[in-house]
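Hello,

Please find the structure below. My notes on it follow.

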Amino acid sequence: MGLKIQHSHHNSHHSVAVKVNDQMGNNKRGYTFIQANRAWLPKLLFIWFMVMAIVSIWIYGYMEVENKVRRREVLGSMCDQRARMLQDQFSVTVNHVHALAILVSTFHYYKTPSAIDQETFADYTARTAFERPLLNGVAYAQRVIHSEREAFEKQHGWKIKTMETETSPVRYEYAPVIFYQETLSYLKSIDMMSGEEDHENILRARATGKAVLTRPFRLMGSHHLGVVLTFPVYKSKLSSNPTVQQRIDATAGYVGGGFDVESLVENLLGQLAGNQVFLVNVYDVTNSSEPLIMYGHQNQDGDTSLLHESKLDFGDSFRSHQMICRYLEKAPTSWTALTTAFLFFVICLLVGYILYEAAVHIVKVEDDYQEMQELKVRAEAADVAKSQFLATVSHEIRTPMNGILGMLALLLDTDLSSPQRDFAQTAQVCGKALIQLINELLDRAKIEAGKLELEAVPFNIRSILDDVLSLFSERSRFKGLELAVFVSEKVPEVVMGDPGRFRQIITNLVGNSVKFTEQGHILVKVHVVEHTKAPADSKSETYLNDDEPISVSYQLKTLSGREAADERNSWESFKNLTSDETSGYDMEASENVTLMVCVEDTGTGIPLSAQDRVFMPFMQADSSTSRNYGGTGIGRVRSVCSIADLIKIFPDIIFVEKDSFISDEESGSSLRLLDWKQNGIVLKLPKFILLANSITGTEFEKAKAAGFEDTVIMKPLRASMAAACLQKVLAIGKKRQPIASSLLQSVLSGKKILVVDDNMVNRRVAAGALKKFGAEVVCAESGKAALEFLQLPHNFDACFMDIQMPEMDGFEATRRIRSMERDANEQINDEENGTKRELHLPVLAMTADVIHATYDECLRNGMDGYVSKPFEEEKLYQAVAKFLKSKPISES
């Protein structure tokens, strides 16, 4: 069997290694996109920087263009506004000049005699000059034919002169100025047709009948650039659509005015805001190839990169004019665009760097995750290996321990003396403690795997406490400690819970108490919560245990006589508690009960500062290697009833401590000298039983000579030992069996059970344990032998099957049993014509392997349950009660 186990473990380790490699390979193949392209991260960061730099430059250029567009729009709006105002004012002036021409035509030619002379004309034009603010003056020139020149000159008394103020040469036609505004008095007798521009204007004006303008020239008198506006004056009314010749023939003269364009534009710009920002030029663009400037300087400074042209319509369709505007200064640097582009670039740099760092962090996290997954796989493999190792160790240790504990159980069922029973029970408890230690190791693995589950089975609290006291009895005797247990009568005899966990906790607490207590006592108390009440009149103060606070009662009547750490542990409280057991809480009325378990010792105690960490794994309250266990522990003063007090109670049995008996012997007192009479009646002498931590043969002989019974109860006092001793002293049999034993006997009595195990000791132990409860047991040494016994038909009620056996293990044997049952069930159902019956033998796995995976494997292979070795009555009953019907049995 050992070779088979090693081989199976080798195969499992190989499968674990293969699984580890497969999972690690899957993890490596499961790289994410970022992990797979991590080499591209720096390149992507550089590309990101370059793209963002290009985008930032584009943003700057875009905002610059937007600024130029807004600047152009503003320039265009301002220029159009100025051109429109100049044009409107010019049109108003033209209309007034036209009205003056009509006035002259009406009152000078249509009236006879004329109603206008120079004085009247000068006075009128002076008074109405506000209507023509753009003109520096108006004048009227009469058309004179050469044949009429002499008469005309005689009439006016002056000669017709040219622009140079010389006598006009002979011409076909003349246009001397006869009426003029005082501002143009220098034009008197000047022939307007002597000037090239004026001559052309006059001819166009009389041919079109509209206002015409000259090209820009230096005006006489001001030397400013200007133009002359000319309107024809007709001496007779024309038809609605006259011809050119009719207009020429009807022309009597010409009204003209000079526009000082420079002054005009200066006045206009002075009226508007922003004149200091813009530069304005006015041009005559009749000849587009050679534009004539009317206002401004051609080479004036300014921003020539941005110009706006606005057309001007002065009413002369022959001539074209325009206004060109530009900024005085070049556009300043756009700090808004520059800062926006720079901040955008910086933000993009930060975002890119953050994304890069995030990607690097993600890669690192994913690498760590991959590494963690690999470590997890390895840890799981190590955990599987550890579980297999623990299962192997558990099986190898449980196999011999099954024989030891089984034989001790059979030994305890024989007639033993009290010391012999004590020794056998102690050995049994120590063996169970070793089994419990193995279970704790397995529980540790279950806790780490998160698979620890609590049981809910019936168990006896008093029995568990007896086992714990037996485990530490030798150590407590060696250190001279009082080790005692008190269980309230209100505590039920059997409760549902997890006995293993309960035993584990109590064992740990009592073990710590024994370890850290040098003198005094250790007391384990179990009460129902409703009965745990402290005396109301007890006073307490707070002191320091080694200069740290603890609660110290002034009532020094404790179990050992020393001051107690808790006022509820005083002797008075203890007596009040026991006296109240008969009243109050009705245990039978409730299915749930809450118990308080207290473990008190007189050791060094736990400082308040260390109480938070004592429940942490591998932590102690004091880690010093030279720990002093003195402190302010509770003292020890014995509180032992005197023999005289015992006599007053008239008991049937008196327990006397060995120390009290020795002290009475030394003081001269003796049980045989006591007066056992009261009111002249001789009383029945009670039976005296000696309690001792240890006792020599001489002391035992003295006790028997003094009247003690021929038995000694070794301390710590345990219920099972006390019951066995009383049965011997009172010469009575067992009044009742433990509840689990009774239940087991009701289930197993008369049942025929097959036990299959390859180990002879295990077969003997299992057979003895089952026979103890009235079962008929047949043993088989292998799976093949079990199949021979179970050939149908058979009369077995159940089968206990070991799992690990040579040739054919328990799993294979169970599968064959189920196969035989299936074949038989099919045949039976066919023969009985539809009446369905089913043969099913309960098969319980019987092995030292207690891991949960083994239990699952048992169910998968057709087994019905699981019983761990060595047998425990509670678990055995829990397993068989599901499949075997119980029957009432009589109490012996």
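A disulfide (a pair of cysteine sulfur atoms within 2.5 Å) joins Cys-79 to Cys-325, with an S to S distance of 2.2 Å. This is a predicted model, where local features need pLDDT of at least 70, side-chain atom pairs count only at pLDDT 80 or more, and totals for chains, interfaces and linings use all residues. Residues are numbered from 1 along each chain as its sequence is written, and side-chain values use heavy atoms, with hydrogens and water left out.

By that rule the count is 1 disulfide. The link of Cys-79 and Cys-325 is right-handed, with 75 degrees about the S-S bond. Cys-79 sits in helix α3 and Cys-325 in strand β12 (residues 321-327), so the pair ties together parts that are 246 residues apart in sequence. Helices (H or I, at least four residues) and strands (E, at least two) are DSSP runs, numbered from the N terminus.

Both Cys-79 and Cys-325 are buried, meaning under 20% relative accessible area, where exposed is over 50% and partly exposed lies in between (1.4 Å probe, protein chains only). Cys-430 counts as partly exposed, at 37% relative accessibility. Cys-598 is partly exposed too, with a relative accessible area of 24%.

Now the helix that holds Cys-79. The axes of α3 (residues 41-109) and α4 (residues 118-127) come within 13 Å and cross at roughly 155 degrees; axes are lines fitted to C-alpha atoms, for helices over the stretch in contact, and angles run from 0 to 180 degrees between N-to-C directions. The contact (heavy atoms within 4.5 Å) is made by Leu-100, Leu-103 and Val-104 of α3 and Phe-121, Tyr-124 and Thr-125 of α4.

Regards
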